[in-house]
Amino acid sequence: MIMNLFDVYSLYEIEPVRGNGNYVYTADGTEYLDLYGGHAVISIGHAHPRYVKAVSDQVAKLGFYSNSVQNSLQAELASKLGKVSGYTDYSLFLCNSGAEANENAIKLASFHTGKSKVLAFDKAFHGRTSGAVAATDNPKIVSPFNCTDNVVFAPLNDLAAAEALLSEGEFCAVLVEGIQGVAGIRLPDDEFMRGLRELTKKYGVVMIVDEIQSGYGRTGKFFAHQHTGVQPDLITVAKGIANGFPMGAVLISPEFTAVKGMLGTTFGGNHLACAAAIAVLDAMVEEQLVDNAAKVGAYLLERLKTIPQLKDVRGRGLMIGMDVDGSASEMRKRLLFEKHIFTGGAGVSTVRLLPALNLTYSQADEFIEALIQLLK
Ligand SMILES: Cc1ncc(COP(=O)(O)O)c(C=O)c1O
């Protein structure tokens, strides 16, 4: 007998063993253009030299020590993140994943207001831990244990429905994605986000924006909600934050008072994760990657919109969804095995593009040409 893996993932018959920039390679040296970054995680490109050096140097010095001692890397990360994101007056809580970031944000909102209900939206995805999965609109992944009356779903972009619920006075938080990712790149209207901010103020509810997939420069601004002008109370991040090293975080408005012991984690904010996350921010600033995501994303979006066989194309920056006529999973397989291009999927007909923020115009062209050939 040998131990097998618990078989919960549908796998492609392919194993990347090496990466470089926007490409990954199998053991036989075959090159694949990566327009997915392993679920929007690779933000500055595979094996970025600055990242490799920072992580290697740090692990050789000190990979981990607990949150019971000074760790100046955490302070450096917070100060750089505040500056790059424009949220210098917010504070930072570090954890290990997106779900955990949402879990802590919900907990903070509940501590802060003394209330227990969360308003989430149809088709939302917030992760798989207890509270995060309860706020995820997919009954298939919500176990009876996770199912709770504390989460109520409203239709996205319907302010009247949100107000009807919030006015009940039982809600601690509204939890909304900057752009819904797993749902297939569904954008909340700018007006809806602004209206929601007003409602949360009116009813004393904490506004949490989940920027785990849509944040960290992906949409051409640091956070997707910054296209709308709102300023949430709590912002959750993960995925691109450390270019593949597991990390999550909550940005917390000055309205919240920290109490010793109210939140905590063993691994969160460890030295290695911080070194990785600092290297990501340094690379983003030095290479102007948010700006690049805006420009190359707009170019890609525009070119995709001229392809008549695509049923719909939408997104912001390098967070793009395109609906194909037929099966998205078939199209993704053809892109992967015939054209050597990784993409993501959502639902039956949506192909998701979530490449690293340093995608070039010529890599965007490489994808468009391949797609046009497949659609002929
Ligand atoms: C918007 C959003 N929130 C939360 C999560 C959960 O993140 P993690 O898988 O790191 O727990 C995801 C992951 O896809 C996500 O897209």
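Two strands count as paired if DSSP finds at least two bridges between them. Helices (H or I, at least four residues) and strands (E, at least two) are DSSP runs, numbered from the N terminus. What you see here is a predicted model, where local features need pLDDT of at least 70, side-chain atom pairs count only at pLDDT 80 or more, and totals for chains, interfaces and linings use all residues. Residue numbers start from 1 along each chain as its sequence is written.

Let's start with the sheet. β11 and β12 pair in the antiparallel sense over five bridges, and Val-313 has Met-322 in β12 as its bridge partner. These strands belong to an open sheet of four, ordered β11-β12-β15-β14, with antiparallel pairing. β11 and β14 stand at the edges with a single partner strand each, so one side of each has no neighbour in the sheet.

| Strand | Residues |
|---|---|
| β11 | 312-316 |
| β12 | 319-323 |
| β15 | 350-353 |
| β14 | 344-346 |

Now for helix α9. This helix covers residues 289-305, 17 residues in total, and reaches 23 Å from its first C-alpha to its last. That is close to the expected 24 Å, a span defined as 1.5 Å times one less than the number of residues. Its buried residues (20 or more other C-beta atoms within 10 Å of their own, with C-beta atoms placed from the backbone) include Leu-289, Val-296 and Leu-304. Seen down the axis of α9, the buried residues fall within an arc of 145° (taken from the directions from the helix axis to the C-beta atoms), so they line one face of the helix.

Technical notes. Buried ≥ 20, exposed ≤ 12 C-beta atoms within 10 Å, placed from the backbone. Contact = placed C-beta atoms within 7 Å. Axes fitted to C-alpha atoms, helices over the stretch in contact; angles between N-to-C directions.
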